Structure formats: structure tokens, C-alpha cells
Amino acid sequence: MPTNAEIIAAGWDYVGKGDWDLLVQDYVDDMIFIMPGQDDVLEGKAAFRSALDNLGAALPPGFEITSLRYISDGDDVVTIVEWKSEKVPGGSRSEEHTSEL
């Protein structure tokens, strides 16, 4: 059985391919997805899968993940995502960012 960190790493591969159905296949039905800096919490696999339908529209032009790092402690996994884009909305040039998910 894969570890949570392995499931998360495979999930980022599926994100890169835009395959949302494969992304959610390994998650349990009562999963909770929390994105730092956001007020909403997605509870359940169906809510998470539904939110993915609009993910492409929410990303800035030229969005590309440049690095992924994982911190794992038991069942908890934090992903540190470094990414770049052509232009961040409200910005004036290419940007590179780091986000913790």
C-alpha cells in the first residue's frame, strides 16, 4: 500500500497531465483538502473532484510547476510547490513563487 507522501507525489504527476479522475482515485471518500490562505475547506472526494473542474481557469498564463518538495509526518503531508508563470494577474512580469499545500 502506498504511503500518503507517495499518493501525493503521484497526484502532482496527474495534475501535470490534467487527469483529474486519476488524481482523486487514491483519495478516501471523507478526505479533507485545505489550501493555506483560503477560507474554504473541501470536505469529501466529490467536493474536491468538482473543484478541480475549474482549476485550469484559475491558473495564470504559462503556469508551470518548477519544483515539488514534500514534508511528511505520519499521515500528514505538506507539499511545497515552486511555480512560475508568464504573468501573475495584477503583476507586470514573469514571476516565480513558492506555495505550501
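The model is predicted: local features need pLDDT of at least 70, side-chain atom pairs count only at pLDDT 80 or more, and totals for chains, interfaces and linings use all residues. Residues are numbered from 1 along each chain as its sequence is written, and side-chain values use heavy atoms, with hydrogens and water left out.

**Exercise 1. Confidence and fold**

State the average pLDDT of the protein, then give its pattern along the sequence.

Solution. 
- pLDDT is the predictor's confidence in each residue, from 0 to 100.
- It averages 80 in the protein, and 84% of the residues score at least 70.
- Over residues 92-96, pLDDT stays under 50.
- Helices (H or I, at least four residues) and strands (E, at least two) are DSSP runs, numbered from the N terminus.
- The protein has four helices and five strands.
- Their pattern reads α-α-β-β-α-α-β-β-β.

**Exercise 2. Helix H1**

Solution. 
- Buried means under 20% relative accessible area, exposed over 50%, partly exposed in between (1.4 Å probe, protein chains only).
- Gly18 follows H1, with a positive phi near 70 degrees.

**Exercise 3. Salt bridges**

Find the residues that are linked with Arg49 in a network of salt bridges.

Solution. 
- A salt bridge puts a side-chain nitrogen of Lys or Arg within 4 Å of a carboxyl oxygen of Asp or Glu.
- By this rule there are five.
- Arg49 meets Asp21 at 2.9 Å, N to O.
- Arg49 lies in helix H3 (residues 45-52) and Asp21 in H2, so the pair ties together parts 28 residues apart in sequence.
- Arg49 also meets Asp53, at 2.7 Å.
- The network is therefore Asp21, Arg49 and Asp53.
- Arg49 is partly exposed at 21%, while Asp53 is exposed at 52%.

**Exercise 4. A surface patch**

Name the residues of the nonpolar surface patch that includes Val41.

Solution. 
- Patches use residues with over 30% relative accessible area and no salt bridge: like charges are joined within 9 Å, nonpolar side chains (Val, Leu, Ile, Met, Phe, Trp, Tyr) within 5 Å.
- Val41 is partly exposed at 39% relative accessibility.
- Val41 sits in strand E2 (residues 41-43).
- Ile32, Ile34 and Val41 make the patch, of about 280 Å².

Terms used: Accessible areas come from the Shrake-Rupley method with a 1.4 Å probe; for residues, only the protein chains shown count as cover. Contact means heavy atoms within 4.5 Å.
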